[in-house]
Amino acid sequence: MEMTSCCSVFYFRNELAVLQALSSTVQRDPTASHYRFQDDPYLTPRTASEFKLFSLSQESGRNAAKYIINTYPNFFLKDYAEPHIPCLMPESLQPKVTEVCEAGLRELIHLRKVRSAVDMYDRLLQAGTVVSLELTNNLLDLICFYGDQDPVQGDQAEPEKTAEGEVVQDPAPRRKEGRFRKSDSLHRTWRKDNNAERIFHLMPERNERSYGALIRGMVKYGAHSKAFDLYTDMQNNRMAADVHAFNALIAAAPEVRQKYSEKWDLIAEMLKQMNKLGVRPTLLTFNTVLKSLLRCGPLSRALVLQVLGEMKALGIEPSLATYYHILVAFYRQALSPSTLSRTMLTTDLLHSMMDEISGKVFDALDPDDVYFFNYAMNICCSLKDLGLAYRVHSLLNVGDNWKLLGNPSREGFYYGSLFNLVCMMENIGVVLQWYRDLVPSLFYPNSHTMRDLLQALDADNRLDLIPEIWKDVKQLGLATVSGDLAEEVLALMARDEHSPEIQESFANCALAVKAVYGHGEQSQATLDFTASALCNMATILLAAGRTDQAWEILQLFKANNRVPSEKLLDEFLNSAKSGSNSEQAVTLVQMSSSFSLPATARLAQRVEQEFDLSEEQKKALQDVEATSDSDKD
């Protein structure tokens, strides 16, 4: 049991590491599945919903494996790797030092046991032990980073406790959020007189790091005014803040001032104090300034390029987050009365930006780096600038820049925007090439994307490809997501006349579309028949000469409480005339009468004039006309 479990875990981890290494060195094949699916092709997702389910299952399995390994490390003590690979061994989450001492406190801090570490610190003070300044600062860093609470493990929410250690009962439990929910730390707030402040005031000696840890914690958890008050106290004690504390204060500056000019004045004051104290700004400093400037209204557009120039003068290379903040300042809805001038300025700005960064490889240096490609592609779509979109996509494919697209949701938005623009601006040959390259290896399209593709087929008069596209629609699981997509497919096939071969293909496709309507199995989602869908199906089948199947569709109008159009009845009458089928013609008039259509009398007159009727059929028509006249009265 022990050996089997250990071997399975090591096999999985080594295999995953190899696949990840290969994915970063081998050029991606646009027609191949993602490397994460190559171990088991049978389970390869083929629809957007399957991809989401697979990703969630994979992440859940990884979390379960981590939980088992870290909870029961005694089952995984044997190390089969030669040489020893520490990262493959289970992480020890239980403290080994149980006595009250600095070594035990240091171990609890390493294990991120916030409450246990605070309790150990208090017990050390009660025992008369003087805790070193460095270790106390480490404890402050831990408390301020996690908001005076233990980090949440997995999806389990940590219950809040009072100062006495009692669990607080939440009368209204929070609704469970989605898989890609924000970190629980973003919902925490800085509580008054929490353990961080208490320990800070108990410290016999404080240094710059002590103040900096508390300032960063206050800013992270929303106590912006208290952070500036603490900074003032730090200045009064003749201490200088480090660059990380200044970054936090710059981020908090827009929160403590009301007017745009006052916000910028406070940011500028922080930068002047950094210069006076000889604190060299970093990339994150300038990115924080740019991000805070976005809260300064019209001032942001006048100052962001100035900040970028200062950044380059100091020899600091911008990251993608830098360019993202600049684009936001110029492209978002501004107070400028001229939309055209704002549009032209943004176009020139992004073009010059691409001239500067084309061909460069970027690393993840700022959490906001993942927003650049999505925002730049959104600009290209808004301005209908396909050439600019190609330049952005070319930058994405340089080195490992594609890794900065972000999570699967942002990745899908990026490729969806790019493909939407290609469908609008390119010919159908180029559109289909992009479609084959992107779907489904890099992008699972939604119903809106498939409608864009259908419109591109219509614009280039390539409706003969619709049956192939419908097969993809069904394979991608989009057939029953929205009835509009099926309606548009039927409308395009029924609109014009085509060659017999194409009409035959359309007829087969119409029957395939019909399968997603009606009442399916209990676990199968279906669409409700609409009058337009039934009319288009019948029209397509009549055009292909499949009269019997078209009549079967006609019977569905009554069964689904739908009314056929007069145009469709005329088409059925023309079909009956071409086949000299007077019985069908009379039946059609009777069906029109059952729907109380105004065209019943006209249809009956056509049948009398254009068909050779038997006496029985003439009498049936007279009964229909009499019923129609009585309904009018």
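Predicted model: local features only at pLDDT ≥ 70, side-chain atom pairs only at ≥ 80, totals over all residues.
The UniProt record, an unreviewed entry, places the feature "repeat: PPR" at residues 207-241 and 282-318.

Another helix, H18, comprises residues 428-438 and contains Leu438. Leu438 is buried, since its relative accessible area is 2%, under the 20% limit. The C-alpha atom of Leu438 is separated by 9.6 Å from that of Gly416, although the two residues are 22 positions apart along the chain.

Most residues other than glycine have a negative phi. Asn461, however, has a positive phi of about 55 degrees, and Asn561 likewise has a positive phi, near 55 degrees. Asn461 is located in the loop between helix H19 (447-459) and helix H20 (466-475), whereas Asn561 is in the loop between helix H24 (547-559) and helix H25 (566-578). Asn461 is exposed, with a relative accessible area of 60%; Asn561 is exposed as well, at 68%.

On the surface, a nonpolar patch is formed by Tyr67, Ile68, Tyr72 and Phe75, which together have about 430 Å² of accessible area. Phe75 belongs to the loop between helix H2 (48-71) and helix H3 (102-110), and with a relative accessibility of 43% this residue is partly exposed.

The structure contains 0 disulfides. A disulfide is a covalent bond between the sulfur atoms of two cysteines. For Cys380, the closest cysteine sulfur is that of Cys381, at a distance of 6.9 Å, and this is too far for a bond because the two sulfur atoms would have to be within 2.5 Å. Cys380 is buried, with a relative accessible area of 0%, while Cys101 is partly exposed, at 22%.

Side chains of opposite charge can pair when their charged atoms come close. In the whole structure, 22 salt bridges are found. One of these joins Glu102 to Arg106, with the closest N and O atoms 3.9 Å apart. These two residues are 4 positions apart in helix H3, and therefore about one helical turn separates Glu102 from Arg106. Both partners are partly exposed: Glu102 has a relative accessibility of 22%, and Arg106 has a value of 44%. A further salt bridge connects Asp400 with Lys403, for which the closest N and O distance is 3.7 Å. Asp400 is partly exposed, at 31% relative accessibility, as is Lys403, at 44%.

Arg606 and Asp570 also form a salt bridge, their closest N and O atoms being 3.6 Å apart. This pair links distant parts of the chain, with Arg606 in helix H27 (residues 600-610) and Asp570 in helix H25, 36 residues apart. Arg606 is buried, at 17% relative accessibility, and Asp570 is buried, at 18%. Both residues take part in a network of salt bridges that also includes Lys577, Arg602 and Glu610.

Technical notes:
Residues numbered from 1 in each chain as written. Heavy atoms only, no water. Buried < 20%, exposed > 50% of the residue type's maximum accessible area, 1.4 Å probe, protein only. UniProt positions renumbered as here; feature names shortened; annotations may be inferred. Patch = residues over 30% accessible without salt bridge, like charges linked within 9 Å, V, L, I, M, F, W, Y side chains within 5 Å. Areas by Shrake-Rupley, 256 points an atom, 1.4 Å probe, with all protein chains shown as cover. Salt bridge = Lys/Arg side-chain N within 4 Å of Asp/Glu carboxyl O.
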